[in-house]
Amino acid sequence: MVEIKNFLYCLNVNTLEGRTDIIGLLSVMTPEYIPGLFSFSINFSLSNITEGEHALIVKFKDPDKKVIAVIDNAIVSYQKDENSNLPDEQMGINVAAGLQNVDFKKSGLYSTEVILDGTSIGEYHIFAKGKNK
């Protein structure tokens, strides 16, 4: 079964030549203003994934569980590196995504749900409060 590892909220993610750099790790979100727009990124690994193409949906939800940002039907592909000596369940792919100008209407506990091939495989929470509050 596919497993999510190392789910992170951050300000930005840079990926280059097999390397992932996380910029501005976030344990809470503190935009200048709520209500207001805020941009951030997420990064996570999908391990124990089967080879081939997979449909990925990411839903970012407000404290009322309303979806306020979505990445819909993205296709992610995985092909096993035959030169790796890692066990199959430890191999997989990294996913990085930027969520731009998300409309935060109120402070509270937000969440991100990850759905792979139609099955929810994890939900990750983060508290947000505007600096103006």
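**Briefing**

E32 is partly exposed, with a relative accessible area of 48%; buried means under 20% relative accessible area, exposed over 50%, and partly exposed in between (1.4 Å probe, protein chains only). The model is predicted, so local features need pLDDT of at least 70 and side-chain atom pairs count only at pLDDT 80 or more, while totals for chains, interfaces and linings use all residues. Residues are numbered from 1 along each chain as its sequence is written, and side-chain values use heavy atoms, with hydrogens and water left out.

**Salt bridges**

- The structure holds seven salt bridges, a salt bridge being a side-chain nitrogen of Lys or Arg within 4 Å of a carboxyl oxygen of Asp or Glu.
- E32 pairs with K131 in one of these, at 3.1 Å from N to O.
- K131 lies in the segment after strand 9 and E32 in the loop between strand 3 (28-29) and strand 4, so this pair ties together parts that are 99 residues apart in sequence. Strands (E, at least two residues) are DSSP runs, numbered from the N terminus.
- K131 is exposed, at 53% relative accessibility.
- D64 and K106 form another salt bridge, with their closest N and O atoms 2.9 Å apart.
- Because D64 sits in the loop between strand 5 and strand 6 and K106 in the loop between strand 7 and strand 8, the pair ties together parts that are 42 residues apart in sequence.
- D64 is exposed, with a relative accessible area of 53%, whereas K106 is partly exposed at 36%.
- K105 and D103 also meet through their side chains in a salt bridge (2.8 Å, N to O). K105 is exposed at 57% relative accessible area, and D103 is partly exposed at 32%.

**Nonpolar core**

- The largest nonpolar core has 32 residues, of which Y9, M29, F40, F44, L46, F60 and F104 touch the most other members. Such a core is a set of buried Ala, Val, Leu, Ile, Met, Phe, Trp, Tyr and Cys residues joined through side-chain atoms within 4.5 Å.
- At least two residues of this core come from each of strand 1 (3-16), strand 4 (36-47), strand 5 (52-61), strand 6 (67-78), strand 7 (92-104), strand 8 (108-116) and strand 9 (119-128).
- Strand 7 supplies the largest share of the core, six residues.
- In soluble globular proteins, nonpolar side chains tend to be buried together.

**Two buried polar residues**

- S45 is found in strand 4 and is buried, with a relative accessible area of 16%.
- The side chains of S45 and N94 make a polar contact at 2.6 Å. A polar contact is a pair of N or O atoms within 3.5 Å; within protein, one must be able to donate a hydrogen and the other to accept it, and residues adjacent in sequence count only if both atoms are side-chain atoms.
- Apart from neighbours within four places in sequence, S45 is in contact (heavy atoms within 4.5 Å) with E3, I4, K5, N6, I93 and N94.
- D62 lies in the loop between strand 5 and strand 6 and is buried at 12% relative accessibility.
- A polar atom of the D62 side chain lies 2.8 Å from the backbone nitrogen of D64.
- Leaving aside neighbours within four places in sequence, D62 is in contact with I68, L109 and Y110.

Conventions. Helices (H or I, at least four residues) and strands (E, at least two) are DSSP runs, numbered from the N terminus.
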